[in-house]
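Visitor: I am new to this structure. Please take one part and look at it closely, with the charged pairs as the subject.

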Amino acid sequence: MRKLIFTVPGEYDGQKLQNFLRGEVRLSLRLMRSLKRVENGIELNGEHARTVDIVRSGDKVTLNIPDEPGRTAAVSSLPLNIVYEDDDVLVADKPAQLPIHESHNHQGDTLANAVAAHLAKEGKPSVFRAIGRLDKGTSGLVVCALNQHSAARLSGNIEKEYIAVASGRYEGSGTIDAPIYRPDPLKTLRSVDPRGDRAVTHYECLKSSDGASLLRIRLETGRTHQIRVHFAYLGTPLIGDKMYGREDSRIDRQCLHCGKVSFIHPITGERITCSSELPEDMRTVADQI
């Protein structure tokens, strides 16, 4: 169980507890309703509280967030590079070819299993809550929430910066604004299509040659395979991308790495920024540009 304690500021003096929870704490409606059904899930100055109770400046509000049963990942001892960790957030540096979630083809050999093993050693619930995802062949930083409140606060609020190598010459910076569609619901393949959802990719060229460009990329939207689809659409698929481009003898996966994440901590309000160096296989390709 995660215990969170908040102090009511002056602007909420005389208001209902639910206003403070939804406003200041930014507690999700779903979690607030769930805590109302938990014994002492919400306390005011150490006593059981109702969300309609009136709060005063300086009051202490405690949330006792229970662990979620039935959603724990299997524990497997796999290498895990942790970049940041506290009681609410964990940031892991995922190597290429490691899937994030278990599936029919991957049982016990995923980032979820590695994180579960790490949390189990620390005596924490091994529930895996990745905020966003990276494709199996994409390396880099993955943010994981360690409780329900953190998951709700972080979802959609993480800034990511990618490094990619595209198979064409780019200069300066630019934006790709092209909708992405899933033609076959049974396949993961995506394409640019007017029937799709809006997708916006911003890029900056770090260096280029006739055959390749090293790019820094920021996503305005987060569609599946967005970066890979957008650059393939422009006729410059990422080097090594077997799904949207072609194989490359220098690297056994797409040249795509999430090198930086930044977010506001869901509890402290502090901005957290984590970085990851370019992996060796991508450095080898980038050095040849």
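Guide: A salt bridge here is a side-chain nitrogen of Lys or Arg within 4 Å of a carboxyl oxygen of Asp or Glu. The model is a predicted one, and it holds 18 salt bridges. One of them joins Asp88 to Arg2, with 2.8 Å between the closest N and O atoms. This pair links distant parts of the chain, 86 residues apart: Arg2 belongs to strand β1 (residues 2-7), while Asp88 sits in the loop between β5 (82-85) and β6 (89-94). Asp88 counts as buried because its relative accessible area is 3%, and buried means under 20%.

The loop between β5 and β6 also holds Asp87, which pairs with Lys124 in the loop between α3 (111-121) and β7 (130-131), 37 residues apart.

Elsewhere, Asp248 and Arg250 meet through their side chains in a salt bridge of 2.9 Å, N to O. Asp248 has a relative accessible area of 21% and is therefore partly exposed; Arg250, at 34%, is likewise partly exposed.

Arg22, Arg33, Lys36 and Arg37 form a patch of positive charge on the surface, and a patch takes in residues with no salt bridge. Of these, Lys36 lies in helix α2 (residues 29-36).

Terms used:
Residues numbered from 1 in each chain as written. Predicted model: local features only at pLDDT ≥ 70, side-chain atom pairs only at ≥ 80, totals over all residues. Heavy atoms only, no water. Patch = residues over 30% accessible without salt bridge, like charges linked within 9 Å, V, L, I, M, F, W, Y side chains within 5 Å. Areas by Shrake-Rupley, 256 points an atom, 1.4 Å probe, with all protein chains shown as cover. Lys, Arg positive; Asp, Glu negative; His and termini not counted. Charge placed at Lys NZ, Arg CZ, Asp CG, Glu CD. Helix = DSSP H or I, 4+ residues; strand = E, 2+ residues; numbered from the N terminus. Buried < 20%, exposed > 50% of the residue type's maximum accessible area, 1.4 Å probe, protein only.
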